[in-house]
Amino acid sequence: MDKYQCPCGYIYDPAVGDEANGINPGTAFADLPADWVCPVCGAPKDVFEKI
């Protein structure tokens, strides 16, 4: 699965997920809820870029 990076530098890694915000490991970026935001800076999903 692809990793995505926020402009602030945070990288969403599907293998890790975002358990602090209820996102289990193995959750693809495309499967994140529409209202999910960067846990570091609060940026929306649409500003993330695939890396």
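Contact here means heavy atoms within 4.5 Å. With that in hand, welcome to a few close-up views of this predicted model.

**View 1. F48 and the residues around it.** Let's start with F48, which is found in the loop between β2 and β3. Leaving out residues up to four places away in sequence, F48 touches Y4, Q5, C6, Y10, Y12, F29, W36, C38 and A43. F48 counts as buried, as its relative accessible area is 8%. K3 sits 45 residues from F48 along the chain, and the C-alpha atoms of the two are separated by 9.6 Å.

**View 2. The largest nonpolar core.** F48 is also a member of the largest nonpolar core, which has 11 residues in all. Across the chain, buried residues make up 35% of the 51 residues.

**View 3. Four cysteines in an annotated site.** Which residues does the UniProt annotation "binding site" cover? In the unreviewed entry, the annotation covers C6, C8, C38 and C41. These residues are spread over 36 residues of sequence, yet they cluster in space, with a largest C-alpha distance of 8.9 Å. C8 lies in the loop between β1 (4–5) and β2 (11–12), while C38 is found in the loop between β2 and β3 (49–50). Not counting residues up to four places away in sequence, C8 touches C38, V40 and C41. With the neighbours within four places left aside, C38 is in contact with C6, C8, Y10, A43 and F48.

**View 4. The cysteine sulfurs up close.** How many disulfides does a search of the whole structure find? The search finds 0 disulfides. A disulfide needs a pair of cysteine sulfur atoms within 2.5 Å. The sulfur of C38 has its closest cysteine sulfur in C8, 3.8 Å away, so the two are too far apart for a bond. For C41, the closest cysteine sulfur is in C6 at 3.6 Å, which is again too far for a bond. Are these cysteines buried or exposed? C38 is buried, with a relative accessible area of 2%. C41 is partly exposed at 45%, and C8 also counts as partly exposed, at 39% relative accessibility.

**View 5. The three-stranded sheet.** Here 3 strands form an open sheet in the order β2-β1-β3, with antiparallel pairing. The edge strands are β2 and β3, each of which pairs on one side only. Between β1 and β3, the antiparallel pairing runs over 2 bridges.

**View 6. Stepping back to the chain.** The chain holds 0 helices and 3 strands, and from the N terminus on its elements run β-β-β. The radius of gyration is 10 Å, close to the 10 Å that the globule rule gives for 51 residues, so the chain is as compact as a globular protein of that length. Along its principal axes, the C-alpha trace spans about 20 × 20 × 15 Å. Among the contacts with a separation of 6 or more, residues 24 or more positions apart account for 40%.

Notes: Residues are numbered from 1 along each chain as its sequence is written. This is a predicted model: local features need pLDDT of at least 70, side-chain atom pairs count only at pLDDT 80 or more; totals for chains, interfaces and linings use all residues. Side-chain values use heavy atoms; hydrogens and water are left out. A nonpolar core is a set of buried Ala, Val, Leu, Ile, Met, Phe, Trp, Tyr and Cys residues joined through side-chain atoms within 4.5 Å. Buried means under 20% relative accessible area, exposed over 50%, partly exposed in between (1.4 Å probe, protein chains only). UniProt positions are given in the numbering used here, feature names are shortened, and annotations may be inferred rather than shown by experiment. Helices (H or I, at least four residues) and strands (E, at least two) are DSSP runs, numbered from the N terminus. Two strands pair if DSSP finds at least two bridges between them. The radius of gyration is taken over C-alpha atoms; the globule rule is 2.2 Å times the number of residues to the power 0.38.
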